[in-house]
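Dear colleague,

Please find the structure below, handed over for your work. My findings follow it.

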Amino acid sequence: MRDGLYQILAICTGNICRSPMAEGLIRVRLSARAAEFATVGSAGIAAVPGVPASSHSVEACRRHEIDISAHRSRPLTKEMIDEADLILVMEGHHRAAILMAERSAADRTFLISEFAAENAARGTGINDPIGQDIDAYLDVFRRLDDDITRAMPRIEASVDSSFRR
């Protein structure tokens, strides 16, 4: 927790496709109360800094009235990992990279689909749509939307419990 706010971080590889979409979705799905006490960001384990979100990611979000056009990629740093209260990753290798950098993040780093699933074993990764057509991005958006919608009660409860202590 930094600045007294609960920090949620979405992680993918380049921080231009999946994690910006996840960040935008989480921002719009958080209740007004939770948004008061939480920040949402994203980064990539192999991101080049300052790259805009892919045009298809921007378009997929725009079609659902979410604006990520101002997004610029950020490489994941150890400081980001240390400060995050909840880290949601797209694929298992993202979690492995985080745990290699900071073993203590294990209890707050989750595959987004596992965090959303009632039974964590049911979760599967969300593949990178980079280089594919808009339909692939819309499919990723739908999967992220479904996972985030299902995870939102747990995310909200995490934010809430961190401020009841």
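His 71 sits in the loop that lies between α3 and α4 (78-83). Please bear in mind throughout that the model is predicted. With a relative accessibility of 11%, His 71 falls under the 20% cut-off and therefore counts as buried. Leaving aside residues up to four places away in sequence, His 71 touches Asn 15, Pro 20, Glu 23, Ser 42, Val 51, Pro 52 and Ala 53. Of these contacts, Pro 20 and Glu 23 are themselves among the buried residues of α1. Ser 42 belongs to β2, where Ser 42 is the bridge partner of Ala 10.

**The sheet**

Strand β1 (residues 6-12) pairs with β2 in the parallel sense, over 7 bridges. Both belong to an open sheet of 4 strands, ordered β2-β1-β3-β4 with parallel pairing. The edges are taken by β2 (38-44) and β4 (109-111); each has a single partner strand, so one side of each is left without a neighbour in the sheet. On average, and ignoring direction, neighbouring strands of this sheet are turned by 25° against each other.

**The helices on the sheet**

Helix α1 (residues 18-29) lies across β1, β2 and β3 (86-89), and runs at about 170° to β2. Helix α7 (residues 134-162) also packs on the sheet, where α7 touches β1, β2, β3 and β4. The direction of α7 makes about 145° with that of β1.

The 12 residues of α1 reach 16 Å from the first C-alpha to the last, close to the 16 Å expected at 1.5 Å a residue. How much of α1 is buried? The helix is mostly covered, with 9 of its 12 residues buried. These are Arg 18, Ser 19, Pro 20, Met 21, Ala 22, Glu 23, Gly 24, Leu 25 and Ile 26. Their cover includes β1, β2, α3 (55-62), β3, α5 (92-101) and α7.

**The pairing of α1 and α7**

The axes of α1 and α7 are 9 Å apart, and the two helices pack at an angle of about 45°. That angle makes α1 oblique to α7. The crossing of α1 past α7 is right-handed. On the α1 side, the contact is made by Arg 18, Met 21, Ala 22, Leu 25, Ile 26 and Arg 29. On the α7 side, the residues are Tyr 137, Val 140, Phe 141, Leu 144, Asp 145, Ile 148, Thr 149, Met 152 and Glu 156. In an α-helix there are 3.6 residues a turn, so residues three or four places apart point the same way.

With kind regards

Technical notes: Residues numbered from 1 in each chain as written. Predicted model: local features only at pLDDT ≥ 70, side-chain atom pairs only at ≥ 80, totals over all residues. Heavy atoms only, no water. Pairing = 2+ DSSP bridges. Axes fitted to C-alpha atoms, helices over the stretch in contact; angles between N-to-C directions. Contact = heavy atoms within 4.5 Å. Expected span 1.5 Å × (residues − 1). Buried < 20%, exposed > 50% of the residue type's maximum accessible area, 1.4 Å probe, protein only. Parallel < 35°, antiparallel > 145°, perpendicular 65-115°, else oblique. Left-handed = near helix turned anticlockwise from the far one by under 90°.
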